Structure formats: structure tokens, C-alpha cells
Amino acid sequence: MKIVRQLFCAAIALIPLSSAVYAQEHRFDPPWNTPPESKVQFTVPGIDNVPDLFGDINDPQLVVFFAGNQFMVIDELIAAFKKKHPQYQRVFAETLPPGILAKQIAEGSIVIGNMRITLKPDVYTAGKSRIEQTPEWFSKTQVYAKNRLAIMVQKDNPKKVKGLKDLGRKDLRVAMPNPDFEGIGKRIEEAYVKAGGEQLKETVMKTKVKDKSTYLTQIHHRQSPMRILYNQSDAAPVWYTEAYYQKMLGHPVEMIEVPETENIRSQYLAGQLKNAPHPKAAKDFMDFLVSAEASSIYKKFGFDLP
């Protein structure tokens with residue numbers, strides 16, 4: 001009986017510790033944006049959390065599909081647009097990988113968890129190469145922002161990562177965007193070749209994938225930061241703005257800049273859909289996206305301007 005009592009007391013003593021550990025498992029989880037106002041707020045990290053769907057899904061007056069790594073500008077960008085155009089108050093935006101958004105447009109729907117979304121976009125934004133794959137979709141396209149690559153690492157850079165070549169090291173756990181899902185993956189592969197030839201690309205994308213020291217993400221603007229923050233990966237090649245934003249949030253990360261000789265720059269284009277359900281709102285948003293006000297918001301979050 002005494003032994004049973006001792007075991008019980010030991011188990012009770014462990015409960016606060018295990019609870020604290022569990023609580024910390026979600027301390028960096030998104031959404032990192034400010035949620036819309038509502039008397040009922042119910043977000044459960046790791047269970048019910050949809051950080052890449054924004055705003056009003058019911059009867060929207062404007063629907064925008066953004067390249068996913070622009071999630072950080074959404075709060076200020078949409079608020080500024082609504083202020084300039086008060087006739088549009090119900091705005092819905094998605095910030096999923098552009099390849100997934102393209103499939104959603106082509107197929108007419110997407111399912112996330114148990115939710116099916118059939119909304120058609122008025123405006124779709126993505127990298128230049130992605131937009132140019134489907135010119136028949138758009139009545140108008142325009143460049144509005146640019147980006148470049150960087151490497152995100154843990155606070156104080158404990159693994160002493162200096163550049164892209166280090167990502168081939170056996171001791172380094174890498175979070176790498178899967179080129180099958182994310183356009184940035186192909187851009188990073190190009191950068192690997194510039195930095196260390198085909199051998200570096202082969203090492204990171206095949207050898208290290210095989211031994212599981214490279215983890216391939218499907219949505220890098222969420223997975224890569226979280227893998228760094230939760231010590232699941234040591235380094236993550238990302239768009240510059242990803243690391244810049246995590247530092248803005250005060251999260252324990254560092255950014256390693258990639259030199260121009262190895263870097264890849266991307267242009268973001270917005271396309272107004274020919275079959276946009278809200279053509280006037282689409283035109284107004286396209287005009288707003290290249291305004292000085294919108295450009296200043298993008299610049300604030302680390303984007304380069306055209």
C-alpha cells in the first residue's frame with residue numbers, strides 16, 4: 001500500500017510539469033495575424049486552427065487568393081483597402097501555396113479538414129513563372145512586389161550556419177520546401193546549384209531526404225518557422241520576408257542573408273480573373289495593390305518594390 005501511495009504521489013507531482021510541457025508545445029503556433037472581431041472566438045492550437053483563411057467567407061464582396069508567404073501583410077493591407085473603399089467590407093482571402101491555389105482555381109474547390117470551399121477568386125497573386133503558366137485566366141496582370149531568399153536558423157545560430165553550402169552538412173537538419181507543392185522549392189534548388197553546383201542540390205534534395213535530415217514541407221511559410229522554433233530543424237531556406245517577420249514577432253530566430261551571387265529574386269504578379277465574380281471590386285483592388293499606400297505596407301514587412 002505504501003508503494004502504491006508513493007507512486008500516486010509521484011504521478012501527481014508530474015502533472016504540472018507535463019501540463020507545462022504540453023502548453024509550451026503550442027507557444028509559437030499561428031495564427032500570427034490578428035483574428036477578425038467576433039463575440040465567439042474558438043481557436044484550439046493543433047486542433048481547430050485555420051491560419052491561411054482570412055475574413056468573411058459568407059457572401060464576400062471580394063475574394064483574393066494570395067501567394068502564401070504574404071500572409072503577414074494581410075491585416076494592414078485589407079484594412080487599408082476597406083478604408084479607401086468602404087463599399088467593400090466583406091473580404092475573403094486565402095494565403096495557401098500558389099500551386100495549391102492554382103489547382104483550386106482549375107478544379108473549382110478545395111477541402112481543408114472537413115470544410116469544402118467553392119468560392120472563385122477575383123484576384124490571384126503568385127510568382128511570375130506561375131502566373132505565366134495560365135495567361136488565359138487573366139484579363140490583366142501587374143507586378144507589385146519582389147522578394148529574395150534567406151536562411152532562417154534558431155536564435156544565436158547554434159549550428160554556425162554561414163550560407164547555403166552548409167545545408168549539405170550531415171549534422172544539419174534542414175526544412176526544405178517541396179518543389180512539387182511550392183514554387184519557392186524550385187527557386188531554392190536553383191540557388192543550391194549557384195552556391196555549390198549540382199552536388200549540393202543532390203545532397204540536400206536526395207541524400208538528406210533519404211536519411212531524413214531534410215524535411216520536405218508542403219506549406220513552408222507555416223511549417224519552416226515552426227520547425228525552427230520547436231527545434232525540429234536547424235536551418236530553413238525561406239523567402240527573406242519569412243525570417244524578417246518572425247523576427248518582427250520577437251520569436252527566437254536569426255536570419256542568414258544569402259549573397260547576391262547565390263540568391264534568386266522573385267517578382268510577384270497579381271492577375272485579375274476574366275471570370276471574376278466581382279469585377280469592379282477586382283479592378284479596385286488591382287489598382288490599390290500598386291498604390292503608394294499598399295507599397296509602403298509591403299515594404300514595412302521586408303518586401304522589395306518593383
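View 1. The model is predicted, with local features requiring pLDDT of at least 70 and side-chain atom pairs counting only at pLDDT 80 or more, while totals for chains, interfaces and linings use all residues. Residues are numbered from 1 along each chain as its sequence is written, and side-chain values use heavy atoms, leaving out hydrogens and water.

**View 2. Burial and contacts in the chain.** Buried residues, meaning those under 20% relative accessible area with a 1.4 Å probe and protein chains only, make up 49% of the 306 residues. Where contact means heavy atoms within 4.5 Å, 77% of the contacts between residues at least 6 apart in sequence join residues at least 24 apart.

**View 3. The loop that holds asparagine 178****.** Asparagine 178 lies between β8 (174–177) and α5 (183–210), where helices (H or I, at least four residues) and strands (E, at least two) are DSSP runs numbered from the N terminus. Asparagine 178 counts as buried because its relative accessibility is 12%.

**View 4. Surroundings of asparagine 178.** The side chain of asparagine 178 reaches the backbone nitrogen of aspartate 180 at 2.9 Å. Once neighbours within four places in sequence are left aside, asparagine 178 is in contact with Leu216 and Thr217.

Conventions
Buried means under 20% relative accessible area, exposed over 50%, partly exposed in between (1.4 Å probe, protein chains only). A polar contact is a pair of N or O atoms within 3.5 Å; within protein, one must be able to donate a hydrogen and the other to accept it, and residues adjacent in sequence count only if both atoms are side-chain atoms.
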